[in-house]
Amino acid sequence: MRPRDPSGLELVVDPVRAEASLWRRLRFEDDLRSREALFNRYIVLARAVAARLFRRRMTRRIDRGDFDQFAFEGLLHAIDRYDPLRGVPFSAFARRRIVGNIADGIATMSEVDAQLGHRHRIEQERLRSLAKSGDDPLAALSELAVGLALGLMLDGTGLIERADTADAQPSAYDSLAWRETQAMLASEVGKLPENEAIVVRQHYDQGLSFAQVAQLMGLSRGRVSQLHRAALDRLRKRLRTRRRWP
Amino acid sequence: MTILCDDNELQELMTAMQSDDRDEMVRMDRLIAAYPEDPRLHFLRGSVLASIGRPIEALSSLRKAVELAPDFAIARFQLGFFQLTSGEAVDALATWGPIVLLPEGHYLRSFVGGLTHLIRDEFDETVLRLNEGIAANEENPALNRDMQLIIDQVVEIQRTAPPSDGENDGSASATSFLLDQFSGHRPS
């Protein structure tokens with residue numbers, strides 16, 4: 001596969017300065033995109049720390065997803081507390097907080113939480129966000145089913161551009177129709193209003209809970225849930241116009 | 001009250017900086033406190049901060065220099081260049097806007113033209129305009145070296161197959177804010 005040509009800008013960009021500009025925009029110019037860009041830049045670090053601690057875990061009752069969730073939370077705390085003017089590299093600063101947050105989180109996790117697992121909690125969150133009340137129950141159920149199906153398709157579509165996923169291979173067992181719809185969906189996510197796109201990307205692609213997305217975006221959890229629902233409504237309408245969809 | 005600091009004081013500060021004086025920032029901040037409106041001091045401070053890896057403060061000093069002296073062409077160019085190397089191409093273009101008003105053939109105008117082509121991935125024109133600038137620039141050799149580095153990289157990607165990701169070696173860091181570009185330049 002032929003690598004992408006470098007752009008002119010890439011030739012002159014200094015990574016240290018580019019990151020500093022993200023911190024500047026976040027701290028001094030309240031730029032929402034920078035916060036997400038920084039989070040995306042360091043999520044690999046959070047996952048790596050989670051993986052390392054997971055291998056060394058003392059208990060079998062907690063799954064890897066929970067370690068990731070605590071790591072993401074630690075990363076978000078670190079982004080909030082980091083002072084870019086102090087000259088300490090962010091990765092060193094964040095690593096300690098991620099480790100600490102995982103340790104605290106695991107230690108205080110209740111038996112029930114551990115049994116349910118993060119996957120189940122995330123699905124519950126989605127369901128609550130999508131379920132409508134007061135409508136015709138059958139229509140509401142049908143809408144809910146489509147919403148959940150869209151969510152299932154969005155899971156792991158790789159909506160966020162990553163250098164190492166340029167050649168993602170679909171499973172041979174995925175039907176062509178499924179793959180086509182998934183690709184269409186991914187392209188439609190890119191056209192969503194900014195806030196809705198962030199919720200979808202972070203929740204489905206990165207696996208963040210609504211509470212974490214809320215922290216990332218500086219919004220309430222309820223607002224994130226609303227944005228999630230609005231995004232899926234919009235995606236459903238757009239897909240209907242692009243092709244026949246239930 | 002005098003707005004600009006004395007040339008001798010400025011020269012002394014620069015000599016101290018070149019002699020690896022550890023408290024250069026303290027000396028500079030003292031001078032800035034005495035002459036807060038002198039754009040050269042802010043430019044110098046920005047250049048030093050950029051070279052020691054304090055980009056956030058560097059940017060604000062460079063901005064201050066241009067704000068105080070909008071016609072201080074080299075400071076304006078370097079502010080734009082700093083923004084470009086920070087990945088903020090739109091800001092760089094906005095900063096460079098007034099440089100187009102310099103006379104045709106002025107090296108900074110050629111450099112800005114070349115870098116604008118670079119942002120648009122127009123590599124032939126980039127090399128042409130940057131070379132034009134280098135030929136016209138006799139007063140600022142450090143800047144010529146920086147532009148030559150960019151030309152070399154552009155020529156390299158034109159000559160060879162596209163490199164893989166991660167090959168960018170961050171040689172923009174070589175676009176140092178060398179102090180010799182600065183000596184003796186008063187903002188007009």
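The questions and answers below go through a predicted model, chain by chain.

Residues are numbered from 1 along each chain as its sequence is written, while chains are lettered from A and ligands numbered from 1 in the order in which they are written. Because this is a predicted model, local features need pLDDT of at least 70 and side-chain atom pairs count only at pLDDT 80 or more, whereas totals for chains, interfaces and linings use all residues.

Me: In chain A, in which helix is confidence lowest?
Reply: Confidence is given as pLDDT, the predictor's score for each residue from 0 to 100, and chain A averages 80, with 78% of the residues scoring at least 70. The highest mean, 93, belongs to helix α2 (residues 15-29) of chain A. Over residues 161-168 of chain A the pLDDT is below 50, and beyond near neighbours in sequence this stretch has four contacts in the model, a contact being two residues whose C-beta atoms, placed from the backbone, lie within 7 Å. Among the helices of chain A, the lowest mean, 69, is that of α6 (residues 111-130).

Me: Over which residues of chain B is the pLDDT below 50?
Reply: Chain B has a mean pLDDT of 84, and 82% of its residues reach 70 or more. The stretch with pLDDT below 50 has 48 contacts in the model beyond near neighbours in sequence, and it covers residues 163-188 of chain B.

Me: How many helices does chain A have?
Reply: Helices (H or I, at least four residues) and strands (E, at least two) are DSSP runs, numbered from the N terminus. The elements of chain A run α-α-α-α-α-α-α-α-α-α-α from that end. Chain A has zero strands, and its number of helices is 11.

Me: Which element gives the largest share of the side of domain 1 of chain A that touches domain 2 of chain A?
Reply: The domain assignment, which is automatic or from a database, gives chain A domain 1 (14-109) and domain 2 (117-246). Their contact takes 14 residues from domain 1 of chain A and 13 residues from domain 2 of chain A. On the side of domain 1, the elements that give two or more residues are α3 (32-55) and α4 (64-81) of chain A. The largest share, seven residues, comes from α4(A).

Me: Is Gln226(A) buried, partly exposed or exposed?
Reply: Gln226(A) is found in helix α11 (residues 221-242) of chain A. Because Gln226(A) has 16 C-beta neighbours inside 10 Å, it counts as partly exposed.

Me: Why is α7(B) largely enclosed by the rest of the structure?
Reply: α7(B) has 13 residues and reaches 18 Å from its first C-alpha to its last, close to the 18 Å expected at 1.5 Å a residue, where the expected span is 1.5 Å times one less than the number of residues. Its buried residues pack against α1 (8-12) of chain A together with α5 (73-85), α6 (89-96), α8 and α9 (141-159) of chain B. The helix is largely enclosed because the buried residues of α7(B) are 12 of the 13.

Me: Which residue takes a positive phi just after α7(B)?
Reply: Most residues other than glycine have a negative phi. The residue asked for has a phi of about 60 degrees although it is not a glycine, and its place is in the loop between α7 (107-119) and α8 (123-136) of chain B. With 15 C-beta neighbours inside 10 Å it counts as partly exposed, and the residue is Asp121(B).

Key: A residue is buried if 20 or more other C-beta atoms lie within 10 Å of its own, exposed if 12 or fewer, and partly exposed in between; C-beta atoms are placed from the backbone.
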